Amino acid sequence: MSTKAQRGAGGPAAAEQPGSPQETVTMSFDGRPLTAAPGQSIGSALAAQGIVAWRSTRKGARPRGLFCGIGICFDCLLTVDGATNQRACLVEVCEGMQIEGSCTPDDGSRA
Ligand code: FES
């Protein structure tokens with residue numbers, strides 16, 4: 001959830017106007033461009049692009065992504081702008097954000 005300061009002086013109504021530069025947020029996920037709606041969580045933005053797993057378990061390398069969606073299970077951890085162990089279901093997308101998963105490239109868990 002964003003604060004009034006994060007939304008800017010125009011507030012949420014200004015951000016929701018069609019044609020506004022705030023209509024989409026562009027970021028990167030493992031070096032690939034990713035767009036989302038302002039206010040979306042990283043997890044929902046990834047799921048909307050068909051990316052359902054972005055890390056794997058230490059034991060068995062099983063794929064993990066969103067599970068509870070409310071910040072309890074910690075299955076959705078990823079790295080955001082260099083900060084490790086961020087919960088994708090709780091962190092809101094921001095322009096220019098660099099997101100990294102932790103799956104090994106050949107484990108087959110990424111969409
Ligand atoms: S999906 Fe459970 S903590 Fe994010």
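Two residues are in contact if their C-beta atoms, placed from the backbone, lie within 7 Å. By that rule, and leaving aside residues up to four places away in sequence, Leu46 touches Phe29, Ile51, Trp54 and Ala88. The model is predicted, so local features need pLDDT of at least 70 and side-chain atom pairs count only at pLDDT 80 or more, while totals for chains, interfaces and linings use all residues. Residues are numbered from 1 along each chain as its sequence is written.

The overall layout comes next. The chain has three helices and seven strands, where helices (H or I, at least four residues) and strands (E, at least two) are DSSP runs numbered from the N terminus. Read from the N terminus, the order is α-α-β-β-α-β-β-β-β-β. Among contacts between residues at least 6 apart in sequence, 44% join residues at least 24 apart.

Of the 111 residues in the chain, 21% are buried. A residue counts as buried if 20 or more other C-beta atoms lie within 10 Å of its own, as exposed if 12 or fewer do, and as partly exposed in between. A nonpolar core is a set of buried Ala, Val, Leu, Ile, Met, Phe, Trp, Tyr and Cys residues joined through C-beta atoms within 7 Å. The largest such core holds 15 residues, and Ile42, Leu46 and Ala88 touch the most other members. Both β1 (25–29) and α3 (42–48) supply at least two residues of this core. The largest contribution is that of α3, with three residues.

Two strands pair if DSSP finds at least two bridges between them. β1 runs antiparallel to β2 (residues 32–36), and five bridges join these strands.

Strand β5 (residues 77–80) and strand β6 (residues 83–87) run antiparallel and are joined by three bridges. Leu78 has its bridge partner in β6, namely Gln86.
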